[in-house]
Amino acid sequence: MTAPADLAPAAGRRRAYWHTAGTLAVLAVAAYLARRHWPTVRTGAARLAVADHGWLLVGATAAIATWAFSALAQQGAVPRRLPGRRLVATQFAASAANHVLPAGLGAGAVNLRFLMRCGLPAGRAASALAVKATAGGVARGALVAALTLACPGLLSLPRVSPVVLAVGPAVLVLLAVLLRSRLWPRCRRALLTVLADIRAVHTNPPRAAALWGGSLAFATAHALVLIAVCQAVGLPLPPVRVALLYLAASSAAALLPTPGGIGSLDAALAFALTADGAPGAAAASAVLGYRLLTVWLPLVPGLLVLGLLMRRKAL
């Protein structure tokens, strides 16, 4: 019979195999997309190679800052004090895990394990993640609204198609079924717990400032990465418009839960930039540069940090 001590290394190896397989799958998808649009990618890559290094450094600094801002928002969602260095390292590792699993599952799983290692019960840890996600969504919506007022006419409401009109009643029916199902009491308890935790955050001004400040700064820093890359490649678009296009495109790409938004976010960003008048090659350069700074350069170090945190039982 296998001893429990022998099961842990085997489980760790299985997790490592899955991480490796996921990373290879991501790289395969990226290679396929690059091959399909190779002429535009090649022109964009050549333009990125001679881009302004100073602006690229600004973009890299903003990309690094996203992990600190994410850590700040996570601290604001938790009542107890978290270990600062491990918290920032966890956000770095979570960003890499998020590029392996879709719809934020990687980052959510890493942060959940970290919070539980810090002593939070599973329910409270999940609620803290929900509070952070809610604040992030509200902060992103507030930024979109503010920038839309600053750039009137840039974004317009899409036409409501017959498909959407047909899906709407179906969603209402599913909600009605959920309200009558056995799952509703559990969902209601979870929702009430999240609402109670949000109210608790706002009884503590430093926590509220950390949660909302970190959430706003996180979205702003990501937009700043794209702005810096656009400036580096000489894309003739005002920074405020680029920020609004990024927030709108990333929100739309979230509807297609691919790992790290790979494919969906790239297409949405390229479409948004070209629709606003950017040349195709310049838009490709901007998207490539944004992805390089936020995904490909941090990916391998992030996975290594993830493995180190797991080995030290910090996750």
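**Exercise 1. Describe how helix α10 passes helix α11, starting with the hand of the crossing.**

Solution. Step 1: α10 passes α11 in a right-handed crossing; a crossing is right-handed if the near helix is turned clockwise from the far one by less than a right angle, and left-handed if anticlockwise. The helices are DSSP runs of H or I with at least four residues, strands are runs of E with at least two, and both are numbered from the N terminus.

The model is predicted: local features need pLDDT of at least 70, side-chain atom pairs count only at pLDDT 80 or more, and totals for chains, interfaces and linings use all residues. Residues are numbered from 1 along each chain as its sequence is written, and side-chain values use heavy atoms, with hydrogens and water left out.

Step 1: Two packed helices are described by the angle between their axes and the distance between the axes. For α10 (residues 239-253) and α11 (residues 264-275), the axes come within 8 Å and cross at roughly 145°. Axes are lines fitted to C-alpha atoms, for helices over the stretch in contact, with angles from 0 to 180 degrees between N-to-C directions.

Step 2: On the α10 side, L245, Y246, A249, S250 and A253 meet S264, L265, A268, L269, A272 and L273 of α11 (contact means heavy atoms within 4.5 Å). By class, this contact has nine nonpolar, two polar and no charged residues. Ala, Val, Leu, Ile, Met, Phe, Trp, Tyr, Cys and Pro count as nonpolar, Asp, Glu, Lys and Arg as charged, and the others, Gly among them, as polar.

**Exercise 2. Is Q75 buried or exposed, and what does its side chain reach?**

Solution. Step 1: Q75 lies in helix α3 (residues 53-76).

Step 1: Q75 counts as buried because its relative accessibility is 11% (buried means under 20% relative accessible area, exposed over 50%, partly exposed in between, with a 1.4 Å probe and protein chains only).

Step 2: The Q75 side chain reaches the backbone nitrogen of L82 at 2.9 Å. Beyond neighbours within four places in sequence, Q75 is in contact with R80, R81, L82 and L87.

**Exercise 3. How many helices and strands does the protein have?**

Solution. The protein has twelve helices and zero strands. Of its 315 residues, 38% are buried.

Technical notes
Polar contact = N/O pair within 3.5 Å; in protein donor to acceptor, adjacent residues only side chain to side chain.
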